[in-house]
Amino acid sequence: MPFSIARTLLLSLIFLLAGFNAAAQTTAASAPTRTTLAEVLAKIPGPEGERYAVGMERGSLRLLVYAPRGNDPQTPHGQDEVYIVVKGTGTFFDGKQRLPFEPNDVLFVPAGAQHRFENFSDDFVAWVVFYGPQGGEKE
């Protein structure tokens, strides 16, 4: 399946499960139904130099863009997360092994797991989807 179709299906499923209604109009009290990479990237760096920005939030779901420069100072997060690499290449350490990554790769990290991006290119950018309860989904 071509990546653009797979990406569309993945994001559609995430938004459906999170209660997004693509046909709904955005109001001040509701989550936006659309955002673009350019809109979210325009918020980076943040006021304190943050290399991430929030694109959407609803319930337990948070959609961010992550664009670290030089090193990845992350610590484990309380929710499960999915990275969708937009640009750049490098190595992803999942706490056990190091895996190469490139644009269009999708990486999963369970809640609480050590992880980081290493040896990544200066143009590295990824969508990040945090979802589910604190402590992660239970099987």
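**Before you click**

This is a predicted model, where local features need pLDDT of at least 70 and side-chain atom pairs count only at pLDDT 80 or more, while totals for chains, interfaces and linings use all residues. Residues are numbered from 1 along each chain as its sequence is written, and side-chain values use heavy atoms, with hydrogens and water left out.

**Stop 1: the whole chain**

Show the protein chain as a cartoon and you'll find 2 helices and 8 strands. Here helices (H or I, at least four residues) and strands (E, at least two) are DSSP runs, numbered from the N terminus. Follow the chain along its sequence and the pattern reads α-α-β-β-β-β-β-β-β-β.

Of the 139 residues in the protein chain, 36% are buried. Buried means under 20% relative accessible area, exposed over 50%, and partly exposed in between (1.4 Å probe, protein chains only).

What share of the contacts between residues at least 6 apart in sequence join residues at least 24 apart? In the protein chain, that share is 60%, where contact means heavy atoms within 4.5 Å.

**Stop 2: threonine 35**

Select threonine 35, in the loop between helix H1 (3-18) and helix H2 (37-41). Its side chain makes a polar contact with the side chain of glutamate 39, at 3.1 Å. A polar contact is a pair of N or O atoms within 3.5 Å; within protein, one must be able to donate a hydrogen and the other to accept it, and residues adjacent in sequence count only if both atoms are side-chain atoms. Leaving out residues up to four places away in sequence, threonine 35 also touches Val40, Gly55, Met56, Leu63 and Trp127.

**Stop 3**

Select strand E1 (residues 52-58) and strand E2 (residues 61-66), which pair in the antiparallel sense over 6 bridges; two strands pair if DSSP finds at least two bridges between them. E1 and E2 form a hairpin with 2 residues between them, and glycine 59 in the turn has a positive phi of about 55°.

**Stop 4: the three-strand sheet**

Next, pick the 3 strands that form an open sheet in the order E5-E4-E7, again with antiparallel pairing. Here the edge strands are E5 and E7, each pairing on one side only. Strand E4 (residues 90-93) is joined to E7 by 3 bridges, and phenylalanine 92 stands opposite phenylalanine 117 in E7.

**Stop 5: the rings**

Which residues form one aromatic cluster? Select Tyr66, Tyr83, Phe92, Phe101, Phe117, Phe120 and Phe124. The structure holds 8 aromatic pairs: rings of Phe, Tyr and Trp (its six-membered ring) pair if their centres lie within 6.5 Å, with planes under 30 degrees apart counting as stacked, over 60 as edge-to-face and the rest as tilted.

Zoom in on phenylalanine 101 and phenylalanine 124, a tilted pair at 5.0 Å centre to centre with 50° between the planes. Phenylalanine 101 lies in strand E5 (residues 98-101) and phenylalanine 124 in the loop between strand E7 (116-118) and strand E8 (125-131), so the pair ties together parts that are 23 residues apart in sequence. Phenylalanine 101 and phenylalanine 124 are both buried.

**Stop 6**

Most residues other than glycine have a negative phi, and most peptide bonds are trans. Now look at isoleucine 44 and proline 45, joined by a cis peptide bond with omega about 0°. Proline 45 sits in the loop between H2 and E1.

Buried, partly exposed or exposed: what is asparagine 104? Asparagine 104 is partly exposed, at 38% relative accessibility; this residue lies in the loop between E5 and E6 and has a positive phi of about 80°. Finish at asparagine 119, in the loop between E7 and E8, where phi is positive at about 45° and the residue is exposed, with a relative accessible area of 68%.
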